[in-house]
Amino acid sequence: MEIDEIDIKILRMLIKDARTNLRAIAKDCSLSANAIHKRVNRLKAAGVITGTILFINPELFGLKHSATVGINLEPSEEPKVANLIRKYAYLIHIDRSLGKYDICAFIIAKNMKQIEMLKENIRKHTGVRRIAINFWSKTYFNYRNIGLKPERVEPHGQSRSKHRKRIKEKR
Amino acid sequence: MDKVDLNIVKELKKSAEMPFLKIAKQLGVSPKTIQTRYKKMKEKGIIHHSTISIDISKIGYQGKAYLMITNAPNQDPNLTINALNQMQDVFLVAETLGEFDVLAITLVRDVESFAKLVQDVKALPSVSQINFVIVTDKSFPVDKSYDRLPLKLPKP
């Protein structure tokens with residue numbers, strides 16, 4: 001499928017607020033709400049839009065500390081260390097990375113004790129050479145900086161459900 | 001904040017685009033209640049914002065990078081933040097405490113544009129050092145597991 005200027009406009013408005021009224025988008029694009037609805041569904045089916053995220057203030061829900069964890073370690077220890085992080089804090093995301101750290105994780109913890117335990121236990125783990133924790137204080141979101149331009153979405157970008165359907169058909 | 005607020009947040013975390021009418025039915029309260037409470041929670045900063053998640057590989061990006069920046073002494077640290085807030089493809093900037101001072105998350109289109117970004121950050125007078133890692137993660141803005149955080153009401 002092709003992503004055109006109208007799709008980009010839709011994406012921009014939904015990135016800004018996932019609850020944007022489709023009628024408001026329609027008015028902005030001089031199209032019918034139905035046409036926008038179809039386009040949103042098409043973007044979902046092509047796997048461009050994968051879902052929604054609701055950002056909250058985690059501190060108000062008993063999750064006091066957000067932090068980035070960078071670790072240098074033996075590659076074979078990665079899964080074990082990921083599990084170790086999960087044991088002590090809430091792991092939002094972990095990635096193998098190129099550069100300063102070998103793996104990079106985002107965590108949220110209830111209290112400092114959890115983070116201390118996490119740090120101690122990872123430090124002690126075999127194959128870990130270094131661990132660095134950075135606490136987030138103030139966060140700024142700048143979605144408008146993202147460069148969206150007309151794009152061709154490759155055929156392998158079909159939605160999972162379609163893919164599953166195809167596999168079923170093959171059987 | 002009470003139980004109803006918490007349940008609204010939980011429903012919106014499943015799907016931020018869910019109509020208030022549907023949430024109201026789910027929770028057995030009026031749609032008006034949901035609307036008022038949602039508005040209040042946004043005003044109070046309990047809910048920050050909602051956004052759609054996107055597979056960045058479908059919109060021309062190869063991955064993401066985390067820039068880890070140390071501010072120069074005797075310089076206004078806000079200069080770094082303000083400059084980063086304006087830079088192309090940098091969608092999240094966080095002031096941090098620890099090994100470095102600022103974390104910026106950027107989408108990476110290609111090596112050239114990323115190299116230029118790093119050069120631009122290095123050129124800021126308020127920046128003394130920049131490190132980075134590149135990841136092949138394709139989720140924007142964050143992984144959906146963020147929405148599965150175990151939320152609890154604060155003790156009164």
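A residue is called buried here if 20 or more other C-beta atoms lie within 10 Å of its own, exposed if 12 or fewer do, and partly exposed in between, with the C-beta atoms placed from the backbone. The structure is a predicted model, in which local features need pLDDT of at least 70 and side-chain atom pairs count only at pLDDT 80 or more, while totals for chains, interfaces and linings use all residues. Residues are numbered from 1 along each chain as its sequence is written, and chains are lettered from A and ligands numbered from 1 in the order in which they are written.

Helices (H or I, at least four residues) and strands (E, at least two) are DSSP runs, numbered from the N terminus. The expected span of a helix is 1.5 Å times one less than its number of residues, so the 13 residues of helix 3 (residues 33-45) of chain A should span 18 Å, and this agrees with the 18 Å between its end C-alpha atoms. Within this helix A:I36, A:R39, A:V40 and A:L43 are buried. They lie on the same side of helix 3 of chain A because they cover an arc of only 100 degrees around the axis, the arc being that of the directions from the helix axis to the C-beta atoms. On the other side of helix 3 of chain A, by contrast, A:N34, A:K38 and A:N41 are exposed. After helix 3 of chain A comes A:G47, whose phi is positive, near 80 degrees.

We turn next to the two chains together. Counting residues as in contact if their C-beta atoms, placed from the backbone, lie within 7 Å, the contact takes 55 residues from chain A and 59 residues from chain B. Strand 6 of chain A gives the most to the side of chain A that touches chain B, with 10 residues. Strands pair if DSSP finds at least two bridges between them, and strand 2 of chain A pairs with strand 1 (residues 47-55) of chain B in the antiparallel sense over seven bridges. In strand 1 of chain B, B:I47 is the bridge partner of A:I56.

Within chain B, six of the seven residues of strand 4 (residues 102-108) are buried, which leaves this strand mostly covered. Strand 4 of chain B runs antiparallel to strand 2 (residues 63-71) of chain B, joined by seven bridges, and antiparallel to strand 3 (residues 90-97) of chain B, joined by five bridges. Strand 3 of chain B and strand 4 of chain B form a hairpin with four residues between them, and B:G98 in the turn has a positive phi of about 145 degrees.

Terms used. Contact = placed C-beta atoms within 7 Å.
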